[in-house]
Amino acid sequence: MTKLTLGSYPHMLGFEQLERLLERTAKSAEGYPPFNIEQTSESSYRITLAVAGFSDRDLSITVEDRQLVIRGRQRDDQSDRVFLHRGIASRQFQRSFVLADGVEVGEAEIENGLLHVDLTLSRPETVVQTIAIRKG
């Protein structure tokens, strides 16, 4: 069976990066921690992750190659504690979100066990370019 790619279509020039982006997004489908994505205005969004038990020191937010990466790693400061039952997850995580061109990461805030990351979308102006034709 032949795999169809965007390069298989002659009218889809330069979309190979989009194909790689889709493959990378499909691989990052883990379910922890849960999150919401909401549209807060016509040109802004908010990602909210449930990070109960994590402090701001335990979290890092980076943008790598047009990808928003949120990592969490709890420090086990009290190793002398003895748990009779441990039902609260304290595992590390990495959550990735692919950003379209024009999406910029704004502020991040942690409140009541929820991490909020604000995004804004700047729409580029439509450009019409006329190409001159030379005589050979």
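Student: Which residue in E7 is the bridge partner of Ser44?

Tutor: Ser44 has Thr120 as its bridge partner in E7. Before we go on: this is a predicted model, where local features need pLDDT of at least 70, side-chain atom pairs count only at pLDDT 80 or more, and totals for chains, interfaces and linings use all residues. Residues are numbered from 1 along each chain as its sequence is written, and side-chain values use heavy atoms, with hydrogens and water left out.

Student: OK, how many bridges do E2 and E7 have?

Tutor: Seven, and E2 and E7 run antiparallel. Strands count as paired if DSSP finds at least two bridges between them.

Student: What order do the strands of that sheet come in?

Tutor: E1-E2-E7-E6, four strands in an open, antiparallel sheet. The edges are E1 (35-41) and E6 (103-111), each pairing on one side only. Neighbours are turned by 20° on average, direction ignored; the axes behind that are lines fitted to C-alpha atoms, for helices over the stretch in contact, with angles from 0 to 180 degrees between N-to-C directions.

Student: Zooming out, how many helices and strands does the chain have?

Tutor: One helix and seven strands, running α-β-β-β-β-β-β-β from the N terminus. Those are DSSP runs numbered from the N terminus: helices are H or I with at least four residues, strands E with at least two.

Student: What about the largest nonpolar core, how many residues is that?

Tutor: It has 16 residues, and Leu49, Val51 and Phe93 are among those with the most contacts inside it. A nonpolar core here is a set of buried Ala, Val, Leu, Ile, Met, Phe, Trp, Tyr and Cys residues joined through side-chain atoms within 4.5 Å. Buried means under 20% relative accessible area, exposed over 50%, partly exposed in between (1.4 Å probe, protein chains only).

Student: Which element gives the largest share of this core?

Tutor: E7, with four residues. E2 (44-50), E4 and E5 also give two or more each.

Student: And how much of the chain is buried?

Tutor: 20% of its 136 residues.
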